[in-house]
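This report describes some helices of one protein model. Please look at the structure first.

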Amino acid sequence: MSMIAFTGAVELGLIFALLALGIFVAYRILGVPDLTVEGSFTAGAATGAVFVAAGQPFIGILAAMLTGSAAGIVTAFLQTKMRVQPILAGILTMTASYSVSLYIMGGRPNIPLFREETLFTIIGRLGGSERLWRILLPLVIVLTVGATLSVFFHTRLGLAVRATGDNEEMVRASSINTTFTKMVGLSIANAIAALCGALIAQYQGFADINMGFGMVVVALASLIIGEAIFGRRTVIWNIGAVTVGAIVYRLILALALSFRLNPTNLRAISALIVAAAISYPTIRNGWTTYKLKRRERQTRC
């Protein structure tokens, strides 16, 4: 793997760590298998690209997060008020987000940003290596989001959101509005996913209506790899594990491409990575059990 490929993988890993953090909030904190993040990612990229084209890259980031937050609220409303199953609610919102994203983009399937001012070009003018800034900017954003999540989930509202994911019935019996806590949690998760989409659009120099396809697999791979390496402990520990998992996942893909594998097989490789990461604890336990049984047989002999 060349140094350019390595640094590129780290840059993308840091940005996609945001998407993994969105999945972490929905899946691990709330316990909801939310597929909305795939639509929120695209909607965030579309919103951010429109504002970048209008010369407002910073406002585009905030607008993208608001768009993703709205998608999360819609999903939570379908789950809590309309009694729609969580997976189906996510699918419905994700499907609707496609049309919303297309509407935001003015009916165009893509928006080029190569000649526009982005966060990366603006920060790059501060001096120093452009490659260094393309790593530092996502790193600062990820650290800020991670620290904010850690602080939030130790507040009273954050603890209520965590408790809702652990035992919704108990939380409801404690007179806590679980509808509100779910809306808060899914709103935060999808706002972070939309932030990731907006950053990716500015990083790559374009927004495409199909760029969100398969992003749930990418986020799950990052989440599971991080947990397989570091385990699950405190909230801040898990946030760090997810971030490192996103970088490791991108490095694995870059390594696969360095062996000249066909890029069209990346989705299959992603699925295999997820399967291997999920199966790792079972394989490890099975191998440990096998060694113990083998040692026991040798002792008897």
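The model is predicted, so local features need pLDDT of at least 70 and side-chain atom pairs pLDDT 80 or more, while totals for chains, interfaces and linings use all residues. Residues are numbered from 1 along each chain as its sequence is written, and side-chain values use heavy atoms, without hydrogens and water.

In α4, Ala-89, Gly-90, Thr-93, Ser-97 and Ser-101 are buried (under 20% relative accessible area, 1.4 Å probe, protein chains only). These buried residues pack against α2 (36-53) and α3 (57-80), where contact means heavy atoms within 4.5 Å. After α4 comes Gly-106, with a positive phi near 70 degrees.

Helices α10 and α12 also pack together. Their axes are lines fitted to C-alpha atoms over the stretch in contact, and the angle, on a scale from 0 to 180 degrees, is taken between N-to-C directions.

| Item | Value |
|---|---|
| Helix α10 | residues 215-230 |
| Helix α12 | residues 266-300 |
| Angle of α10 and α12 | about 30 degrees |
| Distance between axes of α10 and α12 | 9 Å |

Among the residues in this contact, Met-215 and Val-217 lie in α10, and Arg-267 and Ser-270 in α12.

Technical notes
Buried < 20%, exposed > 50% of the residue type's maximum accessible area, 1.4 Å probe, protein only. Helix = DSSP H or I, 4+ residues; strand = E, 2+ residues; numbered from the N terminus.
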